[in-house]
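Thanks for coming. I will go through one model this morning, region by region. Please have the sequence and the structure up on your screens.

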Amino acid sequence: KNLDNSLSNNIADLYTKAGKKGKIGLIKGSFIRKPEFQEFALGNSDILERLKLNKYSAYIAIGKVNYSFENGNLANATIVCNATITMSIISSSNQSIIQSFTLSARANNVSETSAKEDAVQQLIFNYNKYNTAHPLI
């Protein structure tokens, strides 16, 4: 189970439920590994213009998820997953970042995989809560 794809799909679904067309995969994986991607994520208008993403989408959501693990303190043999997602919402027409935020989640379970799954679900919940309080338009 690819949790990062699950997180991406769930975030896209939140926008779809809000009446927007949420899709994932507009950007090729090979581009993500290039140095230009970091500039793109920071709203570099030259790269945004060159990619002509305004033909495909009014907004582009770019997120980076980080996970860290530690031993649980409350119960023996548990693992805590700390998950953080940093998002930038870019307006294709303005070619600039219109919203940027970071959300965190913490989950405790018997394995890294289970703790990570729980943390991803908490991130989705937190993202929905944030998106409801801070809608794009």
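Cys81 sits in strand β2, which runs over residues 79-91. Strands here are DSSP runs of E with at least two residues, helices are runs of H or I with at least four, and both are numbered from the N terminus. At 0% relative accessibility, Cys81 counts as buried. Buried means under 20% relative accessible area, exposed means over 50%, and partly exposed is in between, with a 1.4 Å probe and protein chains only. Cys81 and Asn108 are 27 residues apart in sequence, and their C-alpha atoms are 6.4 Å apart in space.

A word on what this is. It is a predicted model, so local features need pLDDT of at least 70 and side-chain atom pairs count only at pLDDT 80 or more, while totals for chains, interfaces and linings use all residues. Residues are numbered from 1 along each chain as its sequence is written, and side-chain values use heavy atoms, with hydrogens and water left out.

Now the overall layout. The protein chain has 5 helices and 3 strands, and along the sequence they come in the order α-α-α-α-β-β-β-α. The C-alpha atoms fill a box of roughly 55 × 30 × 25 Å along the principal axes. Of the 137 residues, 34% count as buried.

Next, the strands. How many salt bridges does a search of the whole structure find? The search gives 1, counting a side-chain nitrogen of Lys or Arg within 4 Å of a carboxyl oxygen of Asp or Glu. The side chains involved are those of Glu70 and Arg106, at 3.3 Å, N to O. Glu70 lies in strand β1 (residues 59-71) and Arg106 in strand β3 (residues 96-109), so the pair ties together parts that are 36 residues apart in sequence. Glu70 is partly exposed, at 32% relative accessibility.

Asn66 is also found in strand β1, and at 41% relative accessibility Asn66 counts as partly exposed. Between Asn66 and Ser91, 25 residues apart along the chain, the C-alpha separation is 24 Å.

Past β3, Val110 is in the loop between β3 and α5. Is Val110 buried or exposed? Val110 is exposed, with a relative accessible area of 61%. From Val110 to Arg50 the distance is 47 Å, C-alpha to C-alpha, and 60 residues in sequence.

The buried residues in α5 include Ala115, Val120, Leu123, Ile124, Tyr127 and Tyr130.

Last, the surface charge. Glu36, Glu39, Asp46 and Glu49 gather in a patch of negative charge. Patch residues have over 30% relative accessible area and no salt bridge, with like charges joined within 9 Å. Helices α3 (35-41) and α4 (45-51) each supply at least two residues of the negative patch. Asp46 is found in α4, and Asp46 is exposed, with a relative accessible area of 56%.

Methods: Patches are made of residues with over 30% relative accessible area and no salt bridge: like charges are joined within 9 Å, nonpolar side chains (Val, Leu, Ile, Met, Phe, Trp, Tyr) within 5 Å. Accessible areas come from the Shrake-Rupley method with a 1.4 Å probe; for residues, only the protein chains shown count as cover. Lys and Arg count as positive and Asp and Glu as negative; His and the chain ends are not counted. The place of a charge is taken as NZ of Lys, CZ of Arg, CG of Asp or CD of Glu.
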